[in-house]
Amino acid sequence: MSTTDVIAFERGLFIDGAPRPLAGESLCITNPGTGEHVGRAASASAADVDAAVRSAHAAQPAWARLGYSARGEILAACAEAFEAHVDELVPLLVAEQGKTIREAKIELHKAPDTLAHYAGMSKEVRGVSVAGLAPGVDGRVIRRPLGVVAAIVPWNFPTTLLCNKLGPALLCGNTVVAKPADTTPFTTLRLAEILTEAGLPPGVLNVVTGTGPVAGEALVTHPLVRKVAFTGSTPTGEHVAALAAKGSKRVTLELGGSDPMIICEDADLAKAASAASMGRFYNCGQACLAIKRVYVMDSVADQVIESIAAKAGRLRVGIGSDPDAQLGPLHSRAQLEQLERQVDASIASGGELLVGGRRPGDEALANGHFYEPTVILDPAKDSPMAVEEVFGPALPIWRVADLDEAIALANSSEFGLGSSVWTQSLQTSERVAAELDCGYTWINSPTKVYDELPFGGLKASGYGKEHGSEAFDFYTDKKSIVVKRTL
Ligand code: NAD
């Protein structure tokens with residue numbers, strides 16, 4: 001399928017194992033790189049959301065009764081079917097999200113991998129038993145599914161972020177109503193069809209496309225939803241958590257980040273510079289986990305700064321469907337304008353612009369939301385690039401005198417998602433890993449997320465964990481059972 005095949009794509013909601021015809025209000029989707037009309041998708045009303053939740057609620061007891069092994073087998077079949085459809089999904093994701101073909105392929109291979117990972121964990125979900133609580137009294141702890149899970153995700157990685165929730169939620173016996181961002185409905189709708197064809201029973205996965213204030217809020221406040229698994233911005237996440245408080249719903253929040261990277265004198269500077277460039281410009285800088293602030297020791301700063309700026313300057317900006325493009329567009333005009341404000345204010349605060357700092361002049365890119373890869377040296381410590389989340393291809397770098405200063409500045413952010421440190425010293429790396437206030441620290445490693453390890457932030461980056469066996473704690477309730485053996 002080519003990108004043009006998805007032009008004027010039209011899709012209704014996916015409820016009870018089947019697509020519905022497009023009816024009522026709709027969302028108009030445009031390609032962020034070209035401004036072309038991609039298609040129309042349903043904008044779900046509260047009544048539509050109610051139908052989806054009721055379908056998930058009706059399907060949940062039978063899904064839970066199947067047991068872990070059977071659900072694991074179905075998840076494995078889903079992962080296999082998803083993988084087999086990657087080539088079909090790539091142009092769809094590129095068209096609606098804007099990312100490059102290479103980035104779409106990476107995302108679309110990673111997402112089924114996460115489903116396969118959880119399929120493989122189906123025999124590892126364990127409870128606890130305690131024999132002899134008292135004479136003749138034994139106890140045990142069992143995990144029970146929560147019920148209907150609302151999975152709300154943003155537009156930057158529509159499939160991986162959803163599969164991070166689907167893997168543990170479905171394996172544990174919950175059913176799901178997914179709400180993608182209102183600008184990226186199509187990949188998710190198609191994915192729901194593929195997973196249902198692969199064996200998910202009707203109602204186990206429903207998709208409501210629509211806006212946050214209408215479809216999102218109807219989902220979060222629906223009385224039959226027992227858990228809200230939210231990924232998105234901090235202000236929306238906090239609002240969602242407040243709404244979910246009524247009804248005492250479980251909530252996990254995977255929110256924004258402003259991940260620091262500390263580069264020490266003894267680091268492999270070439271590898272650190274590559275990791276900074278990759279970590280900042282991947283997905284056009286629109287990733288929650290990304291290198292968003294660099295602190296480099298003064299003695300090696302010149303070399304590192306020159307290398308990062310040179311790498312940024314060499315990146316080829318282009319429309320996602322251009323096979324040579326290395327940096328696609330921002331996802332929306334609003335994202336572009338926000339980035340411009342942050343960069344301009346950070347330069348005005350005293351930052352030195354080393355590369356980029358503007359929209360590209362290329363006429364072929366005039367209809368998209370493009371911005372040149374940008375590096376800024378030493379903006380003020382209270383400038384937007386220091387204190388806000390920068391969700392685009394712009395990297396601030398600060399020279400620091402020592403590790404104490406680097407750690408203090410790294411921790412000065414309101415966010416606490418990821419971080420990284422580059423050094424050959426065991427003492428330094430262990431100290432940084434122990435002292436940084438965040439959920440993940442990479443030591444001499446690019447910022448790659450592993451399904452095996454729990455992932456989740458602190459502070460304004462949210463709470464709860466996805467990935468790892470720890471995710472089971474957020475998709476099950478642990479129930480205590482006491483048995484008195486003697487009468
Ligand atoms: P957003 O908060 O605006 O939207 C996220 C989702 O919430 C969308 O589906 C949206 O429609 C929905 N939504 C919006 N208003 C709602 C409401 N009132 N009720 C219910 N749902 C509502 O986020 P965004 O700006 O589109 O996404 C980018 C943000 O996501 C960044 O801050 C990024 O760091 C964060 N993010 C975090 C992670 C993580 O795992 N921590 C991963 C990816 C992105």
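**Close-up views of a predicted model**

**View 1. H222 is a buried residue.** Its relative accessible area is 7%, so H222 falls under the 20% limit for burial. The model shown here, as in every view below, is predicted. H222 sits in a loop. That loop runs between helix α7 (212-220) and strand β11 (225-231).

**View 2. The side chains of H222 and D50 meet in a polar contact.** The two side chains come to 2.6 Å. D50 is also among the residues that H222 touches, once residues up to four places away in sequence are set aside. V53 and K249 complete that list.

**View 3. A150 lies in strand β8.** The strand covers residues 148-152. A150 is buried, because its relative accessibility of 0% is under 20%.

**View 4. A150 has contacts beyond its neighbours in sequence.** Residues within four places are left aside here. The partners are V177, L219, V225, K227, V228 and A229.

**View 5. A150 and E124 are 25 Å apart in space.** This distance runs from C-alpha to C-alpha. In sequence, 26 residues separate A150 and E124.

**View 6. Residues 27-481 carry a domain annotation in UniProt.** The unreviewed entry lists this stretch as "domain: Aldehyde dehydrogenase".

Definitions and conventions: Residues numbered from 1 in each chain as written. Predicted model: local features only at pLDDT ≥ 70, side-chain atom pairs only at ≥ 80, totals over all residues. Heavy atoms only, no water. Helix = DSSP H or I, 4+ residues; strand = E, 2+ residues; numbered from the N terminus. Buried < 20%, exposed > 50% of the residue type's maximum accessible area, 1.4 Å probe, protein only. Polar contact = N/O pair within 3.5 Å; in protein donor to acceptor, adjacent residues only side chain to side chain. Contact = heavy atoms within 4.5 Å. UniProt positions renumbered as here; feature names shortened; annotations may be inferred.
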